[in-house]
Amino acid sequence: MALRPIDNALPTTPERPKKQAKLSIPIQTQKKPSDFGVNEENKASPLPPPPPPADASVDYISSEKLKPFEDPESKIQGLVEGLESQDWVKVCESLNDVRRFSLHHSTVLLPILEKVMLMLVKAMNNPRSALCKTSIMAASDIFNAFGEKLLDFTDSGAFDRLLLQLLLKASQDKKFVCEEADKSLKSMVNTIAPLPLLNKLSGYVNHGNLRVRAKAAVSISNSVSKMGVDEIKEFGLVRLLQMATGSLNDRLPEAREAARSIVFSVYKAFTENEDENPGEAWQSFCQSSLSPIQAQSIIKAVGSQ
């Protein structure tokens, strides 16, 4: 029998290639230059982070301890620049200088006082409490030194801006700022005549912030308590009652108490010369001068005294 050619032979299965054994070669990490010559035993512990810069402390100096300048004419030259500084500690120092000028060299400060008052308002708006409180203390000393002269700055509205800021600061939650603002408002009432001051305060009895309304009512009450019968009548009995009616039903007890005090001061001024039936005369006056709701509130407030 003839043999088949080799080309017709069954195909043979090729051998699989043998797998090469995998060799794991350790990868050496490149050391930093600072790591050479350092092992675990002599490796230094990491340095602690540098401490944050210490916050400079601010001393709240009472007015009695503030001394006059040896050369106020020279010192006043850099006052505005100090108040405009970006360093809040420097601004605090300059605010204390404002206080010293107010207490001991008021005539030197007067020519730039209007600009200084606007800077006080800016400092009161600063979120740093120390700066805010120092500016409020400066406002108190300015009130005590200049009084009604502050009302002359009508072009810039410096007094109006300062008054609003004091009412706002007296209304906030930070107790020590609030208490300082209350002191400043009392200094304002004690140094400015009631009639012009009431004209300034009257616009705040309807303020949208109920705390501002309350603080305004308290200042109005304190101012009215200084007035004589003639001054109350000059300002206007009806006008004072209208200013008080909104606060009689306010949510804050402070506002309601101040409103009742205003009403009772007006009542005493009205009935001073009423010998017969002062109660009836008062009731008739209220009903003829006020709306029925206002008159009812006023009569009720007097009856509760």
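A disulfide is a pair of cysteine sulfur atoms within 2.5 Å. I started my notebook with that search, on what is a predicted model.

**Entry 1: cysteines.** The structure holds zero disulfides.

**Entry 2: the core.** Next I went to the largest nonpolar core, which has 81 residues. Among the members that touch the most others are Leu109, Phe143, Met188 and Trp282. Helix 6 (residues 129–146) supplies the largest share of this core, nine residues. I then picked out Trp282 and skipped its neighbours within four places in sequence; its contacts include Leu241, Val263, Tyr267, Phe270 and Ile298.

**Entry 3: salt bridges.** How many salt bridges does a search of the whole structure find? I got eight.

I liked the pair Asp141 and Arg99, whose side chains meet at 2.6 Å, N to O. Are the two partners buried or exposed? Asp141 is buried at 2% relative accessibility, and Arg99 is buried at 1%.

Lys200 and Asp160 also form a salt bridge, with the closest N and O atoms 3.1 Å apart. Here Lys200 is partly exposed at 26%, and Asp160 is partly exposed at 33%.

My last pair was Lys215 and Glu254, at 3.2 Å, N to O. Lys215 is in helix 10 (residues 210–224) and Glu254 in helix 13 (residues 253–271), 39 residues apart. Lys215 is buried at 10%, while Glu254 is partly exposed at 34%. Shared partners join Asp182, Lys215 and Glu254 into one salt-bridge network.

How values were computed:
Residues numbered from 1 in each chain as written. Predicted model: local features only at pLDDT ≥ 70, side-chain atom pairs only at ≥ 80, totals over all residues. Heavy atoms only, no water. Core = buried A, V, L, I, M, F, W, Y, C linked by side-chain atoms within 4.5 Å. Buried < 20%, exposed > 50% of the residue type's maximum accessible area, 1.4 Å probe, protein only. Helix = DSSP H or I, 4+ residues; strand = E, 2+ residues; numbered from the N terminus. Contact = heavy atoms within 4.5 Å. Salt bridge = Lys/Arg side-chain N within 4 Å of Asp/Glu carboxyl O.
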